[in-house]
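Student: I would like to go through the charged pairs in this protein. Please show me the structure before we start.

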Amino acid sequence: MKNKLIILNFIRKKSFVLYLILLVILYSSLLTLNVLLSNLQENKRNNYFNNSLATIHQSIDIYDNLRNNKMLGDVKRAIYFENVVLLPDIYECLREVRVDNNILFIEDSNLIDSQIELYLNEYNYEEIKKQLLYNDTLDFIVNGKSYKFIINEIHYSKYINHISVSSNIFNELMYLNDGYDYIFKIYCSEEEVKREFSNLKMLMGTTEDEVLIANRINKHIKILGIFNIIIGIVFIIVIFIIANNINHDLQKNVILENLLGFNIKEISKNIIIRLSILNVLSLILAILTSIIVLLFINLFYIINICAFNYYIIILILIIVVVSIYYTAKMSTKKIR
């Protein structure tokens, strides 16, 4: 009963409300800026990803390394063949399915056995689709060996012409190829990727307008990043000022509680409960405030409200735990 009265007395004070308001403002500012920054970073990545296609050739298999590289996305194994004979002659129009005069085969694990899917651009998509039927067969002679494929689907390709084949057929064709080829999209500028992969070849890159958009996003990211740093520094300073003020306010209470018979463990426990209530309540109200602000912003600019960097939550929790420990230790210093 005494413990409850002590905690309720702390909550009823005007200083508690003042600390609560300050923390809500700081927490909500950090969370809101973090979500906006995460959205801009994601927009930047998507701007490059949606408008790029690149390929590299390697003498060794680096498929797993490419898939784990954060600069790359949608990594697929590929094969380029120049000497491909198409049978019968009705399929001669498929010679347009080429990249630098090579027919491009890409692995698709969703296909089985001899199934293939054609991805054709606007130039020849309609023409070929009129001539080919689903489940029709298509014969290839690759490096003198004949392959009979079954057309599963014909798709319009935003990027480049290519033919998707099943993994087992791809693995067989791969042994006819000299080295290893890969095709993928990139999440950043071509220059950044080339620092790691000097033999990168862009099949499709960002236009001047898209580069301008990326540069504009970069400027906004820098501005928000600076604001984040400033708010973070202010947050650390304010939370420890609050901790010192609470420490000063609690010292008299600690002496009284000690005289009433509370031992140091009970006093420390009560201090931790009081500070935890302050910070948990502040965080809950800050999250609600941040959501309201972001919903308002979403009326003008489409954003992903759930997109935020979890490191900011971890950082906040670490600072809060440290400040609570510091306050509890300093407040009980005189009775130790």
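**Salt bridges**

Tutor: The side chains of Arg77 and Glu107 form a salt bridge, with 2.8 Å from N to O. A salt bridge here is a side-chain nitrogen of Lys or Arg within 4 Å of a carboxyl oxygen of Asp or Glu. This is a predicted model: local features need pLDDT of at least 70, side-chain atom pairs count only at pLDDT 80 or more, and totals for chains, interfaces and linings use all residues. Residues are numbered from 1 along each chain as its sequence is written, and side-chain values use heavy atoms, with hydrogens and water left out.

Student: Which strands hold Arg77 and Glu107, and how many residues apart are they?

Tutor: Strands are DSSP runs of E of at least two residues, and helices are runs of H or I of at least four, numbered from the N terminus. Arg77 lies in strand 2 (residues 72-81) and Glu107 in strand 4 (residues 103-107). The pair links distant parts of the chain, 30 residues apart.

Student: Are Arg77 and Glu107 buried or exposed?

Tutor: Relative accessible area decides this: under 20% is buried, over 50% exposed, and in between partly exposed (1.4 Å probe, protein chains only). Arg77 and Glu107 are both buried.

Student: Which helix holds both Glu190 and Lys194?

Tutor: Their side chains meet in a salt bridge at 3.0 Å, N to O. Glu190 is partly exposed at 28% relative accessible area, and Lys194 is partly exposed at 36%. The two residues sit 4 apart, about one turn, in helix 6 (residues 190-194).
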